[in-house]
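User: I would like to go through this structure and ask what lies behind the terms used for it. Please start with the surface.

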Amino acid sequence: MIREIVQVGDPVLREICKPVERFDGELSALLDDMKETLRDAEGAGLAAPQIGVPVRAVVVDVEEGYFEFVNPVFVWQKGEQTGSEGCLSVRGKAGNVCRPSKVKILFRDRKGDRYSIVARDFFARAICHELDHLDGILYTDKATGVRDAED
Ligand code: ZN
């Protein structure tokens with residue numbers, strides 16, 4: 001089901017999200033909705049609080065593929081890159097953000113199995129942006145030159 005994407009100003013975007021404890025049908029339904037909502041919005045990533053659910057789950061859709069990260073944590077972050085970002089919860093804006101160029105995270109999938117992944121470049125940027133959402137941080141908190149987006 002496509003869900004409404006919460007916009008900046010809604011307090012749910014500022015919550016410290018809770019870890020997922022149950023890997024059940026409710027989590028699967030949440031992730032399915034997040035995937036559908038992300039695809040509909042043609043975004044690169046979406047965090048659960050962006051559809052009003054303050055739990056630690058994000059989905060990312062990039063060149064490398066579509067990923068679901070539940071209870072993600074950084075193992076390390078290396079290098080830096082500066083580039084333009086936008087956010088489905090901050091419509092019509094873009095800004096430059098400095099992020100690590102390479103990251104490793106640990107996470108669980110929807111069944112609760114543990115994995116790790118190394119991501120670089122835009123994939124790393126998308127992960128950092130989405131994980132920030134789980135701690136109530138928006139890219140506009142870190143960006144310079146926030147401007148109206150071109151499309
Ligand atoms: Zn965002």
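Analyst: The protein has an accessible surface of about 7,900 Å², and carbon and sulfur atoms hold 47% of that surface. Such areas come from the Shrake-Rupley method with a 1.4 Å probe; for residues, only the protein chains shown count as cover. This is a predicted model, where local features need pLDDT of at least 70, side-chain atom pairs count only at pLDDT 80 or more, and totals for chains, interfaces and linings use all residues. Residues are numbered from 1 along each chain as its sequence is written, and side-chain values use heavy atoms, with hydrogens and water left out.

User: How do you know that the radius of gyration agrees with a compact globule?

Analyst: The radius is taken over C-alpha atoms, and the globule rule is 2.2 Å times the number of residues to the power 0.38. For 151 residues a compact globule would have a value near 15 Å; the protein has 14 Å, which agrees.

User: Why is phenylalanine 69 called buried?

Analyst: Buried means under 20% relative accessible area, exposed means over 50%, and partly exposed lies in between (1.4 Å probe, protein chains only). Phenylalanine 69 has a relative accessible area of 0%, so it is buried. Phenylalanine 107, with 10%, is buried too. Buried residues make up 45% of the 151 residues.

User: What makes the pair of phenylalanine 67 and phenylalanine 69 stacked?

Analyst: Rings of Phe, Tyr and Trp (its six-membered ring) pair if their centres lie within 6.5 Å; planes under 30 degrees apart count as stacked, over 60 as edge-to-face and the rest as tilted. The search of the whole structure finds four aromatic pairs. In the pair of phenylalanine 67 and phenylalanine 69, the centres are 5.8 Å apart and the planes at 15 degrees, so the pair is stacked.

User: Why is the pair of phenylalanine 69 and phenylalanine 107 called edge-to-face?

Analyst: Their ring centres are 4.6 Å apart and their planes lie at 70 degrees, so this pair is edge-to-face. The pair links distant parts of the chain, 38 residues apart: phenylalanine 69 is in strand E3 (residues 65–78) and phenylalanine 107 in strand E6 (residues 102–108). Strands (E, at least two residues) and helices (H or I, at least four) are DSSP runs, numbered from the N terminus.

User: What makes lysine 78 a charge over the ring of tryptophan 76?

Analyst: A charge sits over a ring if NZ of Lys or CZ of Arg is within 6 Å of the ring centre and within 35 degrees of the ring normal. The charged end of lysine 78 sits over the ring of tryptophan 76, 4.0 Å from its centre.
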